[in-house]
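Please work through the following exercises with the sequence and the model at hand. Each task is followed by a solution in steps.

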Amino acid sequence: TIGAGAIGAIGANGADSAIDSVSRKRCSKDEANPDVKRKKKKKNRFESNGPSSHVALVDDVFSIVLSMLAPREMLRLGCCSKYLMRMVTHEHVMRNSILSGGHAKMSMEHMMKLMSERKIFFPSAFRLLRLANGQRCELPGCTSLVHTIRPQIGLFVCWTCFTKTDATSQIPASSNRWTEDHRLRDIVQHKRTAHYTYQRKFYLWSKPFETSGGEKAGPLVTLEDTIRLTSAKKSIEDHFASVKDSSRPELLE
C-alpha cells in the first residue's frame with residue numbers, strides 16, 4: 001500500500017512538472033514570435049524616458065500648454081514633476097505674468113529692470129515663477145504678507161524685515177568713513193550696486209542671500225562684500241569678475 005505522504009509527494013511533483021511544461025510552452029511561443037519581445041522593449045523604453053504619465057507629449061506641446069496658463073496655474077503644473085519644472089522658461093513666466101496683470105505684473109517689471117541693470121543674481125525660471133506668485137516674506141522666520149518684490153533688491157521681503165532688522169545696513173553720508181574712503185563711495189554709488197537712499201543715508205543688503213533651495217538671489221553687491229573689498233583695497237570690478245556668470249542680461253533679449 002502507498003502511504004498518504006507518498007501520494008502527497010507524487011501530487012507535488014506532478015504539479016511542479018505541470019508548471020514547468022506551461023513555462024516551456026510560453027518560452028517556446030516567445031521564441032517563435034520575437035515581435036512580442038520587441039514590442040515589450042519599446043514600451044519599457046518609452047515609459048522610462050518619457051514623463052511620469054503613460055501619454056508621451058513632446059516638449060513643444062508642453063511649451064504651448066505652459067504659454068497659455070496663468071502664473072498660478074503654471075506653478076501648480078510645474079510642481080507636479082521635475083520634468084514639468086524644467087519645461088518652464090523665463091519667457092513663459094515673463095509673458096504670462098505681464099498679461100495677467102496685478103501684482104505678478106508689477107513684480108516682473110521690477111525684476112526686468114534689475115536684471116537689465118545687472119544688479120542682482122539672475123534667477124532661475126522657476127524662482128521667477130515663485131516670485132510672480134509670492135504671498136509671504138521669504139526671509140526665514142517671517143510670515144508677513146507681501147504683494148510684490150522690493151524693487152531695490154529683487155527679493156520678496158516685507159517692509160518690516162527690509163527696514164527694521166539687520167537684513168539691511170545703513171551708511172550715513174555724513175560719516176567720516178564715507179567722506180574719507182573713496183573706494184567705499186565708488187562701490188556704493190556704482191551703477192550695478194543695488195541700494196536706496198533715505199535722509200542722506202545709503203541702505204545696502206547686509207550679506208549674500210540664498211534661497212531655501214540653495215540658489216543665490218538678491219543684490220550682487222552687499223555690505224559684506226563692500227567691507228571685504230575696501231579692506232583688501234580692491235575695486236568693485238574685481239568683485240564682478242568673480243560673479244560674472246551670475247547675471248545674464250542676454251536672456252532678456
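This is a predicted model: local features need pLDDT of at least 70, side-chain atom pairs count only at pLDDT 80 or more; totals for chains, interfaces and linings use all residues.

**Exercise 1.** Determine how many aromatic pairs the whole structure holds, and classify the pair of Phe-62 and Tyr-83.

*Solution.* A search of the whole structure gives 5 aromatic pairs. One of them joins Phe-62 and Tyr-83, with 5.5 Å centre to centre and 70 degrees between the planes. Planes over 60 degrees apart count as edge-to-face, so the pair of Phe-62 and Tyr-83 is edge-to-face. Phe-62 belongs to helix α3 (residues 59-67) and Tyr-83 to helix α5 (residues 82-87), so the pair ties together parts that are 21 residues apart in sequence. Finally, Phe-62 has a relative accessibility of 13% and counts as buried.

**Exercise 2.** Classify the pair of Tyr-196 and Tyr-203, and state which cluster contains these residues.

*Solution.* The ring centres of Tyr-196 and Tyr-203 are 4.8 Å apart, with 15 degrees between the planes. Planes under 30 degrees apart count as stacked, so Tyr-196 and Tyr-203 form a stacked pair. Both tyrosines are buried. Through ring pairs, Tyr-196 and Tyr-203 are linked with Trp-159 and Phe-162 into a cluster.

**Exercise 3.** Over which ring does the charged end of Arg-192 sit?

*Solution.* The ring is that of Phe-240. The charged end of Arg-192 is 4.0 Å from the centre of this ring.

**Exercise 4.** Locate Thr-211, decide whether Thr-211 is buried or exposed, and name its contacts beyond four places in sequence.

*Solution.* Thr-211 is placed in the loop between β4 (209-210) and β5 (216-217). The relative accessible area of Thr-211 is 17%. Buried means under 20%, so Thr-211 is buried. Once neighbours within four places in sequence are left aside, Thr-211 is in contact with Arg-127 and Ala-217.

**Exercise 5.** Count the disulfides, and examine Cys-158 and Cys-161.

*Solution.* The count of disulfides is 0. For Cys-158, the nearest cysteine sulfur is that of Cys-161, 3.4 Å away. A disulfide requires sulfur atoms within 2.5 Å, and therefore Cys-158 is in no disulfide. As to accessibility, Cys-158 counts as buried at 3%, and Cys-161 is buried with a relative accessible area of 10%.

Definitions and conventions. Residues are numbered from 1 along each chain as its sequence is written. Side-chain values use heavy atoms; hydrogens and water are left out. Rings of Phe, Tyr and Trp (its six-membered ring) pair if their centres lie within 6.5 Å; planes under 30 degrees apart count as stacked, over 60 as edge-to-face and the rest as tilted. Helices (H or I, at least four residues) and strands (E, at least two) are DSSP runs, numbered from the N terminus. Buried means under 20% relative accessible area, exposed over 50%, partly exposed in between (1.4 Å probe, protein chains only). A charge sits over a ring if NZ of Lys or CZ of Arg is within 6 Å of the ring centre and within 35 degrees of the ring normal. Contact means heavy atoms within 4.5 Å.
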